[in-house]
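Hi,

Here is the structure I promised to send over. Have a look at it first, and then read on for what turned up.

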Amino acid sequence: MQRLDGWLAEERETFTERTNKLARGVPEAVGPYRATTATLGEKVAAGQLGIEDDPHGARRRFDAASNLHAGAADAGTNVAAERYFALRAATLAGAKQAVPGLARRLSRATEQATLAELDERGSLDIDYYRALAAGAAGDDETVAEATDRLAAETTRLATAGFFETTAREEQRLYGGRVAFLEGLLDGDPTVVARGIEGALAHHDGRDPGAATELPCREATFLATVATAAGLDADLPESDAIMTPLVDATALPDGLSPTQSL
């Protein structure tokens, strides 16, 4: 990743400039500005690990990104997605104390989502978020219900040819999410691993550039959840998984597989 050194330096400088503006209260559209700054911070964090081999710096940057995602959600910007991103970034940061509260806020966001206003991907995402949030609360029934809906809708859209219009392995992403959740429910590490492979396929299938050369945040998040659930026996071997950040202690103690968040 040597050729990305210059890219990382520029992105890190931009991230610092944007966070300084937020500290001064400059942006008018503060919610969207926080959201885009948070995403930039996550990319810089992934670069710090993938390019500079700096897990401590990456964790600090993911922690900052989590706070920015949460702030974007507080401002009403894409609330459910930003709550999920805040939870994922906090997990990658190892911010164990923050995870339960972030999961509860994600659960409330999914409950308040208006399904009629969501497009196909939004509907799929809401059930994925709902299952993860329910798992954090130990609500096995809701996890199973949300997973069943996600599986049925993913199959319906695939049959209708919806995913044929995309070139980013989206069918494997959503199918992988279904497999991951089913693997957690059944305590099956092989199925969990197949789910993570779906996230990796989507990551690798994106347009060429820095994004595909950096590690995959979602796959790393799911690997952490799997590890905390004791279902890490068959995790994929991939440079795209940020292994130094896969830390079960980032998540609450003593949870069963369906309580792995």
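Across the interface of domain 1 and domain 2, two residue pairs are in polar contact, both at pLDDT 80 or more. A polar contact here is a pair of N or O atoms within 3.5 Å; within protein, one must be able to donate a hydrogen and the other to accept it, and residues adjacent in sequence count only if both atoms are side-chain atoms. On the side of domain 1 that touches domain 2, the elements giving two or more residues are helix H2 (30–50) and helix H3 (55–74), and H2 gives the most, with seven residues. Helices are DSSP runs (H or I, at least four residues), numbered from the N terminus.

A word on the source: this is a predicted model, in which local features need pLDDT of at least 70 and side-chain atom pairs count only at pLDDT 80 or more, while totals for chains, interfaces and linings use all residues. Residues are numbered from 1 along each chain as its sequence is written, and side-chain values use heavy atoms, with hydrogens and water left out.

As for the domains, domain 1 covers 1–77 and domain 2 covers 100–250 (bounds from an automatic or database domain assignment). Their C-alpha centres lie 23 Å apart. The contact (heavy atoms within 4.5 Å) takes 16 residues from domain 1 and 10 residues from domain 2.

Now the salt bridges, meaning a side-chain nitrogen of Lys or Arg within 4 Å of a carboxyl oxygen of Asp or Glu. The count comes to 10. Between the two domains there is one; Glu-42 pairs with Arg-217, with the closest N and O atoms 3.3 Å apart. Glu-52 and Arg-12 also form one, at 2.7 Å from N to O. Glu-52 sits in the loop between H2 and H3 and Arg-12 in helix H1 (residues 5–24), so this pair ties together parts 40 residues apart in sequence.

On confidence, the protein averages a pLDDT (the predictor's confidence in each residue, from 0 to 100) of 90, and 92% of the residues score at least 70.

Cheers
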